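Subject: Structure handover

Hello,

Here is the structure for your files. My notes on it follow below.

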Amino acid sequence: MLDAARRVLCFNPAAQACGITPGLPAGSAQALAPALHCLPRQPRAERQSLEGLAAWSLRFSSWISLAPPAALLLEIGGSLKLFGSASRLRGLVAEGLTTLGHRARLGIAPTPRGAEVLARVEASALDLPALQQRLDGLPLEALGWSETLTRSIRAVGVRTIGELLALPRSGRNLRYGPQQGRELDQLLGRAADPRPAFRPPRRYRRRLEPAQETRDSQALLPGFERLFGDLAARLTGHDCGISALDIRLLHARQPPTALRLGLLAPSRDPARWLALLQEHFQRLTLPAEVRAIEVGAERFVSLGRTQTQLWHEPDAQDEQALLERLAARLGPSRLYGLGSCQSHAPEQAWTRTAAGAGHDAAADPRPRPLWLLPAPEAIEYAQLQLLDGPERLETRWWGEDCRRDYYRARDRQGRRLWVFRAHDAPACWFVHGVFG
Amino acid sequence: MSATVEQLLRDPRIWRGRARPTLQGQRTGFAALDRALPGRGWPAGSVIELLPRRPGIGELALLLPALRGVAQSWVAPPWIPYAPALAGAGIALERLLVVQPERPRDALWALEQILRAGTSSHVLGWDDGADTRSLRRLQLAAEHGGARLFLFRPARLAGQASPAALRLYLEPAEDGLYLRILKCRGGEPAAMILEFEHDTPVAVHRAAAAAPGGAAGRAA
């Protein structure tokens, strides 16, 4: 990988075997190893990744600050009680970062700058005297200052941070600039070091490129599993869930294939998302090879007690999962509940509700058919044997007065029908419902 | 008999000639029908096929007593389930899910999903010709979820082999429904007439038909 000046920044063991060293210009490196594959550094992706880790870190501390390009500061004074001890917390952070596929060096210190310095050597100091002691023996490079500055300090015979701190302050500031002087004060807690707190964005968008382009949607699932895990970790940091996922499959020369995974209740359960996605994939034919996959979530919603409650209701959870599975394959509009409402017009005495939200506002004591036809159908009077009626219903239907006489009836085939004739056309009979 | 064999025999899939099953069914609400069924009611964890000669002759009314207050799902109903009447019949609308898939294949899939989830104790499905293999899948799913699937199918399919635990052929009768048990696991074929409420015919004379609303309309 090359930095902005096209110098080698980091490399893999194979490159090392060819004699590649850090800081080597790209041209020279290429000359050493013609087969070398050079990649430019991607500052935006790095920043995104750092922000992602910051959001993830919210599980360990409520106060996080970014120290770009590659450092995160966690205030852990308040978290120690919760996690037991600094070393235990350190272990959890290290383990989590490894699981997420990152390599990290951790340092603990009573000042932000101190922590940055100690992280370079992976050391811990829990109070100022310990920090001072730890710093004394560290080489100048641990300060992370520029190479030229470090070299000029070394030129006067100073090799460790302790030796630098031992120099008289006024001369030091004069020689190396007041900025460095202030940094040393902040390092030791002698000057304030305010840092901006990280405010995680309450939305998510990540892209992943599979190792190989593929048309097989099943082969994409491991990638999604990783992104879902990442998103779930982010949501845990917010104590939130999401109620919809936007999935995009990017192709080389085609518009992306977009899917929306709707969830009936906010969730942060990656296994459930994956099962839903699989359901979608079963119906999906990919128009072309997939070059990259993308997962997005727009609105984080507070989960409240729905997932953290102690009295877990498995039935409600199962039902939720079932409805999601059905909606994923059939389309959400294909599931509904029924509601009854107060209305004289039979067509308006019922309503479609969201699945699971059916309600019974008005039970009708009068005889009503179990089935209603979507639209009244004409029927010959000769077909009918009237059993009960009439019941006159007068409504204003679309602004028109509408008077109908309804009867219970049976037709020649034995169907039990709800029929009517309109007041202004008494010879025309219509079936409006079936008693079934 | 050893305990293991006893256990095995309690499995609803084991059918022992005329022996009465130990599993209690759910009361149908019709005493004559309860008497004819081995579990004295609708068998649990099974497919119950209803084959009406025409749709709308009372096949849904037959189920109403069993559907009161239970969690249920209706898959691919032929018309709009009319909420005021259902609520009036004691069906808990807040526990009723309607699924209206576009294709018959999706309806079978949805039925299987719902049965397996076991979230609805009663599942109603309308089918127009699923093959025996699909029916077997549904039967297995019903056993898995412990749910009852009432499957409405046209009477022309009465001759098809079916793994359903109970198959009923229905025909309209003067005051209700003529019912014939075509197949009954652990029971015997039987036939009966179930009476619904008394329907008193009302005649509307041609003349009255032309002038509606009059009391004359009720003349017998």
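Predicted model: local features only at pLDDT ≥ 70, side-chain atom pairs only at ≥ 80, totals over all residues.

B:Ala76 is another non-glycine residue with a positive phi, near 60 degrees. The loop that holds B:Ala76 runs between strand 2 (72–75) and strand 3 (80–81) of chain B. B:Ala76 counts as buried because it has 23 C-beta neighbours inside 10 Å.

Helix 6 of chain B (residues 132–145) has 14 residues, which at 1.5 Å a residue should span 20 Å; the end C-alpha atoms are 20 Å apart, so the two agree. Its buried residues include B:Leu135, B:Leu138 and B:Ala142, and also B:Arg137 and B:Gln139. The buried residues of this helix pack against strand 1 (46–52), helix 5 (104–117) and strand 6 (148–152) of chain B. Just after the helix, B:Gly146 takes a positive phi of about 65 degrees.

On the cores: the largest nonpolar core has 106 residues, and B:Ile48, B:Val75, B:Leu111 and B:Leu149 touch the most other members. Apart from that core lies another, of 26 residues, among them A:Trp56, A:Leu74, A:Ala123 and A:Leu131. Beyond four places in sequence, the contacts of B:Ile48 include B:Trp42, B:Leu149, B:Phe150 and B:Ala164.

A:Leu74 lies in strand 2 (residues 71–74) of chain A and is buried because 20 C-beta neighbours fall inside 10 Å. Leaving out residues up to four places away in sequence, A:Leu74 touches A:Ser57, A:Phe60, A:Ser61 and A:Ile64. The loop between strand 1 (64–67) and strand 2 of chain A contains A:Pro69, and the peptide bond from A:Pro68 to A:Pro69 is cis, with omega near 10 degrees.

Last, a helix pair in chain A. The axes of helix 3 (residues 43–57) and helix 12 (residues 221–238) of chain A come within 7 Å and cross at roughly 50 degrees, and the two helices are therefore oblique to each other. A:Gly52, A:Ala55 and A:Trp56 in helix 3 meet A:Asp230, A:Ala233, A:Arg234 and A:Gly237 in helix 12. By class, this contact has 3 nonpolar, 2 polar and 2 charged residues.

Regards

Conventions:
Residues numbered from 1 in each chain as written. Chains lettered and ligands numbered in written order. Helix = DSSP H or I, 4+ residues; strand = E, 2+ residues; numbered from the N terminus. Buried ≥ 20, exposed ≤ 12 C-beta atoms within 10 Å, placed from the backbone. Contact = placed C-beta atoms within 7 Å. Core = buried A, V, L, I, M, F, W, Y, C linked by C-beta atoms within 7 Å. Expected span 1.5 Å × (residues − 1). Axes fitted to C-alpha atoms, helices over the stretch in contact; angles between N-to-C directions. Parallel < 35°, antiparallel > 145°, perpendicular 65-115°, else oblique. Nonpolar A, V, L, I, M, F, W, Y, C, P; charged D, E, K, R; others polar.
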